[in-house]
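Trainee: Please take me through one part of this model closely: the packing inside it. Keep it brisk, and give me the cut-offs as you go.

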Amino acid sequence: MSTCFRSRSSMVSRCSFPTRLARTRPQRILNKRQYSISEEEDYAFGLFSVVFLDGPPFIEGVGHITPRTVPSHIIRPHYARFPPATAPESGRIDLKNEEQVDRLRRAASLAKSVREYAGNLAKPGVTTLAIDEAAHDMILAHGAYPSPLLYGGYPRSICTSVNNIVTHGIPDNRPLEDGDIVNIDVTVYLDGFHGDTSRTYLVGDVDEQGNDLVNATTQALVAGITSCGPGVPFLYYGTCRTNWTSTLYFKQWSGHGIGNVFHKPPWIWHTQRMQPGDCFTIEPAIQEGIDPESWVWPDGWTASTMVSLGHFNCLNHKTQNGGELRKSSSSRDQLLITENGVEVLTL
């Protein structure tokens with residue numbers, strides 16, 4: 001999972017009449033009446049299904065969602081044993097010996113396997129809730145715990161972020177549609193260590209814009225990985241990633257240290273240098289267009305690309321005064337800095 005340093009959940013009070021759109025032409029909203037954009041309008045970001053907040057009324061938090069259950073013999077991280085989750089611990093991940101590094105590798109390898117399995121299920125007509133259930137069962141079958149479950153009260157085992165959802169989408173009963181893109185975010189806790197990874201998958205026949213967005217995210221991830229090594233400033237990784245994405249990446253979301261703790265320093269945007277034994281994620285999240293920004297729904301988790309909030313503009317993909325909902329894509333790998341370079345644990 002990503003780390004967020006800003007929240008916009010309070011903005012929901014200004015958003016009127018959210019709904020779901022199913023691959024419709026963009027509409028403008030003026031005084032509650034709909035006016036179609038002309039046939040000559042250039043659909044720069046393609047046509048796609050916008051995922052909107054259900055309501056009104058809007059439900060705060062996730063208390064209405066029954067969390068998945070885990071057998072008692074599965075070892076749980078501290079936040080699942082003693083909820084609510086505590087704040088991230090200070091100090092960097094401390095890997096004491098090679099045996100701990102091997103446990104970390106096994107956790108990361110399992111996370112990759114679950115991610116690939118879940119990604120293969122991302123097809124038109126399949127719900128993200130069904131994908132979550134299948135991933136949950138696979139994680140338990142390997143004696144591991146799904147790290148997101150009960151972290152800060154999160155009720156599911158993975159995150160699934162569709163189209164305009166940037167990160168932390170909660171799996172639900174919405175069937176995936178032909179042309180969707182969906183990020184599947186998997187973290188597992190195995191033998192005392194977390195493995196964390198995500199990819200954005202194409203669902204059916206995705207338009208050129210969606211393909212380009214996902215490809216750009218992959219290139220940004222590769223650029224970030226190749227920049228890493230002992231003694232390299234974390235800031236340099238961010239510069240290399242940004243060279244691929246211009247101003248498109250989200251500054252609210254960052255990678256983080258990970259190991260026997262889910263989220264811990266180093267936060268991946270500061271000026272400290274990488275050192276052997278650092279284990280962290282890098283996770284570029286980008287959107288179509290420029291000036292990316294996201295806001296968090298009242299559930300406290302789901303982050304969507306921004307939309308202008310005046311004049312009932314929450315209803316539509318392209319809106320009257322320039323506010324737009326755009327597709328977003330992200331990708332994540334877990335890295336270990338060694339004496340001689342970098343090891344990608346989830347590749």
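**Inside the fold**

Mentor: C159 counts as buried, at 1% relative accessibility. Buried means under 20% relative accessible area, exposed means over 50%, and partly exposed lies in between (1.4 Å probe, protein chains only). This is a predicted model, in which local features need pLDDT of at least 70 and side-chain atom pairs count only at pLDDT 80 or more, while totals for chains, interfaces and linings use all residues. Residues are numbered from 1 along each chain as its sequence is written, and side-chain values use heavy atoms, with hydrogens and water left out.

C279 is buried too, at 0% relative accessible area. A disulfide here is a pair of cysteine sulfur atoms within 2.5 Å. By that rule, the count is zero.

Now the cores. A nonpolar core is a set of buried Ala, Val, Leu, Ile, Met, Phe, Trp, Tyr and Cys residues joined through side-chain atoms within 4.5 Å. The largest one holds 35 residues, and A122, V182 and I184 touch the most other members. Two or more of its residues come from each of α2, α3 (128–141), β7 (181–190) and β8 (193–202). Helix α2 gives the largest share, eight residues. Helices (H or I, at least four residues) and strands (E, at least two) are DSSP runs, numbered from the N terminus.

Take I184 next. Contact means heavy atoms within 4.5 Å. Leaving out residues up to four places away in sequence, I184 touches R115, A118, G119, A122, I131, I158, C159, T197, S198, R199 and Y201. C159, buried at 1%, is thus one of the residues that I184 touches.

Then look at A107. It sits in helix α2, residues 98–120. A107 is buried, with a relative accessible area of 0%. Beyond residues up to four places away in sequence, A107 touches V188, L190, F193, H194 and G195. A107 and F193 are 86 residues apart in sequence, yet 6.3 Å apart in space, C-alpha to C-alpha.

Last, the chain as a whole. It has five helices and 16 strands. Of its 347 residues, 56% are buried. Among contacts with a separation of 6 or more, 74% join residues 24 or more positions apart. The chain exposes about 14500 Å², and carbon and sulfur atoms supply 52% of that. Such areas come from the Shrake-Rupley method with a 1.4 Å probe; for residues, only the protein chains shown count as cover.
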